[in-house]
Amino acid sequence: MDKEFKTTPCLRGLCARGCGRSNRPLNTYDYLADMPGNDEWTDLVEVQFKNTRKGYFHNENHLPLVIGDMVAVEASPGHDIGVVTLTGQLVPLQMKKANLKPGTEIRRIYRKARPVDLEKYEEAKAREQDTMIRSRQIAKDLELNMKIGDVEYQGDGNKAIFYYIADARVDFRKLIKVLAEEFHVRIEMKQIGARQEAGRIGGFGPCGRELCCATWMKNFNSVSTAAARFQDISPNPQKLAGQCAKLKCCLNYEADAYVEAFRQLPPRDVQLETADATYFYFKADILAQQVTYSTDKRLAANLVTISVQRAHQIIELNKAGERPLYLEEQGPQEPQRPIDLVEQEDLTRFDRNRKKKNRKQRDRNDRPSRGNQPIEGSANDGQPTEHNDNNDRNNRRSNDRRGNNRTRYRNRPGAGDEAK
C-alpha cells in the first residue's frame, strides 16, 4: 500500500500524565495532556485545596507544572498551599462549569511549595480537628443555632475558614470576636448545605461506592419524593435518605427513564372487559412493561399479568364493543415457578442419612450373638459358657421381643382357632 496508517503520540491511548491523585475528591482526567502545546494554550491552572474546595490561578511565571505538584498561591492575606489538578485547555471549560462570575478576580501562583512551606502547612492542618471541637463548644455556649461542620486553615496558618450549617440566619458577629481571641487568626465564616457537608467529610453509600458528592458531583439538584414514586420505591425515610439526612441524589439518575417508560403504560382508571369478568388495574412493572390486573377493585383476586401491548390491544377491543375470552393472548396458562437451587439441595439430606445409619446400627446391636450361645450336642453341654454383660443384655432384648410378638399373635382375631 502506498499510504500507511501512522500513529502519532496523541493516538496511543490513555495518557498517564492526565491521571490525577486517587485520594483527591472531584478528580478530573485530562484527556488532552499529551497533545503538543496543551500547556501553552492558556496560563490558567486549577488548584485544589482541602476536600472539595478548588480555585483557578494564573501561572504568570510560566512554571513547568504538572498534575500533583504542590504550589504556593496568592491568598488574602498571605499565601495558601494547594495541589495542581488540571492544566491546559480543559481549565477554561472547568471554570465555565463552575459558573464563575465575569468579574471574579483570578489570583496568581507564586512558586512551587518549598520544604518550609510544607512544614507550616502540615502544622496548620494538625490544628484543624482541635479547633473544630473547641469552636463547637463556643457556639454552644453562645446559644447559637448552628453547627460547625469543618475547619480549614490557610497554608501559612494566618487564616481559618469555618464551614457551618444553619436552618435560619445566624448573627455570628460575637462568635467571630471570640474565635479570633481564642485562636489568634483571621476568621472567615462560610455557610454550606447538608449535601456539601457530606461531600467535604466523605464516606461510603449503601451501594458500597464512595459518595457521589465526594467524588465527582459539583452541582446539587433538588430531589423530590416524586422521583421515588415513579420508580415504585417504598416511601421509607431511612432508605431514601443519605448520610446528609436528605433524599439521595441517585434518585434522580434513573428518574427520566422511569418517566418515559411510565408514559407507555395504560391508564390506571381504565377497566378491561372480558367475556367472563371485569379486570381492574392492580400494579405494574414499569421497566419490564408488564401490568397486573385483578377481578376485585380493592383486593388481589385472580391476578393476571399481561404485557403493555396486550393491555392496549384489549382496550381497543373494548372501545369497539368486543370482549375477548381471556386477558392472555393464548388463554390462561400455568404460571412457571422459578427454579430454586436451594430446594434442589435440601440442607437436611445429611441428617436423613445419619438417621438411617443410626437405625441400622441399633438393629445390628439388638440381634442375638450366635457365637456366645451354647450349641446342642457340643462339648460344652452341662458346662457354663463364657459370656459378658453385653451378651446378656442382647439376649434379654431378643427374648423380650419374641414374647411381645407371641402376645400380639394371641390377641389377633382368629388366632385362637388357628392355634387349635
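These legends accompany a set of close-up views of a predicted model.

Residues are numbered from 1 along each chain as its sequence is written. In this predicted model, local features need pLDDT of at least 70, side-chain atom pairs count only at pLDDT 80 or more, and totals for chains, interfaces and linings use all residues, while side-chain values use heavy atoms, with hydrogens and water left out.

**View A. Helix α1 and its buried face.** Helices (H or I, at least four residues) and strands (E, at least two) are DSSP runs, numbered from the N terminus. Helix α1 spans residues 90–97, and its buried residues are Leu90, Val91, Gln94 and Met95. These line one face of the helix, because they fall within an arc of 145° when seen down the axis of α1; the arc is that of the directions from the helix axis to the C-beta atoms. Buried means under 20% relative accessible area, exposed over 50%, and partly exposed in between (1.4 Å probe, protein chains only). Look to the other side of α1 for Leu93 and Lys96, which are exposed. The buried residues pack against β1 (44–48), β2 (54–58) and β4 (79–87), where contact means heavy atoms within 4.5 Å. After α1 comes Asn99, with a positive phi near 60°.

**View B. Gln231 in a loop.** Here Gln231 sits between α6 (225–230) and α7 (237–240). Its relative accessibility is 12%, so Gln231 counts as buried. A polar atom of its side chain lies 3.2 Å from the backbone oxygen of Ala227. Leaving aside residues up to four places away in sequence, Gln231 touches Leu251, Glu254, Ala255 and Tyr258.

**View C. The salt bridge of Arg200 and Glu152.** A salt bridge is a side-chain nitrogen of Lys or Arg within 4 Å of a carboxyl oxygen of Asp or Glu. The structure holds 14 of them, including the one between Arg200 and Glu152 (3.5 Å, N to O). Arg200 lies in helix α5 (residues 194–201) and Glu152 in strand β6 (residues 147–153), so the pair ties together parts that are 48 residues apart in sequence. Both residues are buried.

**View D. Arg111 with Asp117.** The two side chains meet in a salt bridge (3.1 Å, N to O). Arg111 is partly exposed at 23% relative accessibility, whereas Asp117 is buried at 7%.

**View E. Residues 371–388.** Over this stretch pLDDT, the predictor's confidence in each residue from 0 to 100, stays under 50. The model has nine contacts for these residues beyond four places in sequence. Where pLDDT is low, the predicted coordinates should not be read in detail.

Note on methods: A polar contact is a pair of N or O atoms within 3.5 Å; within protein, one must be able to donate a hydrogen and the other to accept it, and residues adjacent in sequence count only if both atoms are side-chain atoms.
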